[in-house]
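Reader: I'm new to this one. Could you walk me through it, feature by feature?

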Amino acid sequence: MGSLDRMPFETAHEQWAAGLRRMEDAPPDQRPTLERVARRIEQELRRRLGGPFTSEELVELYDSGTGWASDLAYETAPEEPYAWDARIVIDAAFGRYLRSATDYAGGRRFE
């Protein structure tokens, strides 16, 4: 895939921020399960990205496909289909994990 085909950071960041908002707005009785699933995806992000990583590396991982994260959501909460919503659990997990990027702080990315 050429560099022109890659998802821009700004687009990914908007989607992840929306996921975090959806997580916050979820019904209270669903929050514990959604949080558990998002944490599991964050653990897998840590495993996949290893040590220090940049926001661009996180975007590349997201852009390459998140089927693995959907599989984890199902495995983590097989009886709760609402917890498989990628727009919530996957985007929120990526949004939270972005905070650990070496080039990201306080809602901004360092160029």
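Reader: Among contacts between residues at least 6 apart in sequence, what percentage join residues at least 24 apart?

Author: A contact means heavy atoms within 4.5 Å. In this protein, 77% of the contacts between residues at least 6 apart join residues at least 24 apart. Keep in mind that this is a predicted model, where local features need pLDDT of at least 70, side-chain atom pairs count only at pLDDT 80 or more, and totals for chains, interfaces and linings use all residues. Residues are numbered from 1 along each chain as its sequence is written, and side-chain values use heavy atoms, with hydrogens and water left out.

Reader: Which elements does the protein have, and in what order do they run?

Author: Helices (H or I, at least four residues) and strands (E, at least two) are DSSP runs, numbered from the N terminus. Here you'll find five helices and two strands, and from the N terminus on they run α-α-α-α-α-β-β. The radius of gyration is 14 Å, close to the 13 Å that the globule rule gives for 111 residues, so the protein is as compact as a globular protein of that length. That radius is taken over C-alpha atoms, and the rule is 2.2 Å times the number of residues to the power 0.38. Along its principal axes, the C-alpha trace spans about 40 × 25 × 25 Å.

Reader: How do I read burial, and which residues of helix 4 are buried?

Author: Go by relative accessible area: buried is under 20%, exposed over 50%, and partly exposed in between (1.4 Å probe, protein chains only). Buried residues make up 41% of the 111 in the protein. In helix 4 (residues 67-76), the buried ones are Trp68, Ala69, Leu72, Ala73 and Thr76. Seen down the helix axis, they fall within an arc of 145°, so they line one face of helix 4. The arc is that of the directions from the helix axis to the C-beta atoms.

Reader: What do those buried residues of helix 4 pack against?

Author: They pack against helix 2 (31-49), helix 3 (55-63) and helix 5 (89-98).

Reader: And how many residues of helix 5 are buried?

Author: Nine of its 10 residues are buried, so helix 5 is largely enclosed by the rest of the structure. Among them are Val89, Ile90, Phe94 and Tyr97.

Reader: Where does glutamate 79 lie, and is it buried or exposed?

Author: Glutamate 79 sits in the loop between helix 4 and helix 5. With a relative accessible area of 70%, glutamate 79 is exposed.
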